[in-house]
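Colleague: I have not worked with this structure before. Could you walk me through it?

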Amino acid sequence: MIFLEGGWLCFDQKSCHGRWINTPHLMSSHHWTQTKRGSGILSTDPRENPFIHDGNIVYVPYCSSDCWSGTYKARSRGEFSFMGALILPEVIKDLIHLHGLATATKLYLAGTSAGATGVLLNLDRVADIVHRLAPSVEVRGISDSGWFLDNKQYKPVGCSDAHQCAPTDSVRKGIILWHGLVPDNCRNIYAPGERWRCYFGYRIYSTLRTVVFVVQNLFDEAQITLDNVGPPIRRQQWKYIHDLGQDMKHTLVNVSAVFAPACLSHMIITRSEWRKVTIDGVSLPEALKCWESGRHEKNRYEILSNAENGQEYMSSSSEPNFITNGSWRKREKLQ
């Protein structure tokens with residue numbers, strides 16, 4: 001498993017300078033520790049990690065601040081580089097040529113938060129590299145808490161701080177600064193000024209060729225923070241949070257492999273207690289094991305039109321895992 005670390009992003013000189021001052025470990029390897037203890041899906045303890053405790057795990061720290069999508073190299077002093085999309089292929093090549101990845105049977109590209117968004121953005125490209133250099137290795141993705149929504153904020157504020165700026169505004173600005181690279185299949189369905197939409201899971205999912213398992217809390221703390229909801233003490237705030245959960249659920253309803261608990265939290269797979277989160281008695285490690293054993297897994301996504309009333313419906317070719325839904329849903333467009 002190759003694991004992509006998360007840590008949100010920066011999108012202009014001011015936000016990147018603030019990031020450099022406040023969280024330098026997310027912008028340079030100079031501050032990284034020599035060792036790191038893995039937890040959850042990164043643990044080697046079979047009791048904590050019944051899914052892949054005996055696998056080879058490569059932890060790739062996040063220093064590019066670009067959701068693993070940048071291709072820009074600084075040209076002058078004082079500029080920042082954003083090279084997430086260039087780092088990952090080199091990691092893959094090193095693992096194949098120097099560390100025996102070609103002898104593996106499966107490779108999971110996993111990540112949390114911005115790393116999970118990075119999984120969605122890079123999965124097909126990683127699969128293409130692996131299939132070319134190590135054709136016997138099957139590639140799959142695990143994306144945890146990177147399925148952000150491009151919705152309206154509860155309380156819009158000036159877009160100066162990366163943690164107050166709406167995800168849409170951050171990514172709109174960021175993709176230009178980073179020289180962001182998005183998959184061709186998604187890139188081709190949007191005009192040049194609209195390709196930032198590929199950073200949002202429900203928009204890119206239908207374009208992916210490589211199988212991915214989506215892990216996502218319906219009431220994601222990071223999404224609520226970025227939407228500037230604040231401590232929910234008013235009825236309007238609780239309604240906004242409730243509606244946010246419904247919107248999140250609607251975007252996941254026809255994802256073939258998904259684990260989406262109705263929890264107020266952010267990130268699951270790297271928590272030591274991740275195996276205790278269950279849906280209908282099924283834990284996340286158990287769900288992943290079931291998905292892993294499926295030999296013919298595919299991402300399934302369909303939009304069916306009702307010619308009589310002009311409405312469109314979303315359906316999946318197979319029932320979504322662990323979300324109870326026995327009927328088609330009218331497609332809800334997020335504002």
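**Aromatic pairs and cores**

Modeller: Let us begin with Phe 51, which is buried, with a relative accessible area of 4%. Please keep in mind that this is a predicted model.

Colleague: Which residue does Phe 51 form an aromatic pair with, and how are the planes set?

Modeller: Phe 51 pairs with Tyr 108. The centres are 5.6 Å apart and the planes stand at 55°, a tilted arrangement.

Colleague: Where do the two residues lie in the chain?

Modeller: Phe 51 is in the loop between α1 (13-22) and β2, whereas Tyr 108 is in strand β3, so the pair ties together parts that are 57 residues apart in sequence.

Colleague: Is Tyr 108 buried or exposed?

Modeller: Tyr 108 is buried, at a relative accessible area of 3%.

Colleague: Which residues form one aromatic cluster?

Modeller: The cluster consists of Phe 51, Tyr 108, Phe 213 and Trp 291.

Colleague: How many aromatic pairs does a search of the whole structure find?

Modeller: The search finds 10 aromatic pairs. One of them joins Phe 3 and Tyr 59; their ring centres are 5.4 Å apart with the planes at 25°, so this pair is stacked. Phe 3 belongs to strand β1 (residues 2-4) and Tyr 59 to strand β2 (residues 58-60), so parts that are 56 residues apart in sequence are tied together.

Colleague: Changing topic, which residues are buried in helix α9?

Modeller: In α9 (residues 284-293), the buried residues are Leu 284, Pro 285, Ala 287, Leu 288, Trp 291 and Glu 292. They cover an arc of only 160° around the axis, which puts them on the same side of α9.

Colleague: What does the face turned away carry, and what do the buried residues pack against?

Modeller: The face turned away carries the exposed residues Cys 290 and Ser 293. The buried residues of α9 pack against β3 (106-112), β4 (138-144), β5 (212-215), β7 (258-259) and β10 (282-283).

Colleague: Finally, how many residues has the largest nonpolar core?

Modeller: That core has 71 residues, and those with the most contacts inside it are Ile 2, Leu 107, Trp 147, Tyr 199 and Leu 252. Helix α3 (residues 114-133) gives the most to this core, with nine residues. Apart from it lies another core, of 22 residues, including Phe 213 and Phe 259.

Note on methods: Residues are numbered from 1 along each chain as its sequence is written. This is a predicted model: local features need pLDDT of at least 70, side-chain atom pairs count only at pLDDT 80 or more; totals for chains, interfaces and linings use all residues. Side-chain values use heavy atoms; hydrogens and water are left out. A nonpolar core is a set of buried Ala, Val, Leu, Ile, Met, Phe, Trp, Tyr and Cys residues joined through side-chain atoms within 4.5 Å. Buried means under 20% relative accessible area, exposed over 50%, partly exposed in between (1.4 Å probe, protein chains only). Helices (H or I, at least four residues) and strands (E, at least two) are DSSP runs, numbered from the N terminus. The arc is that of the directions from the helix axis to the C-beta atoms. Contact means heavy atoms within 4.5 Å. Rings of Phe, Tyr and Trp (its six-membered ring) pair if their centres lie within 6.5 Å; planes under 30 degrees apart count as stacked, over 60 as edge-to-face and the rest as tilted.
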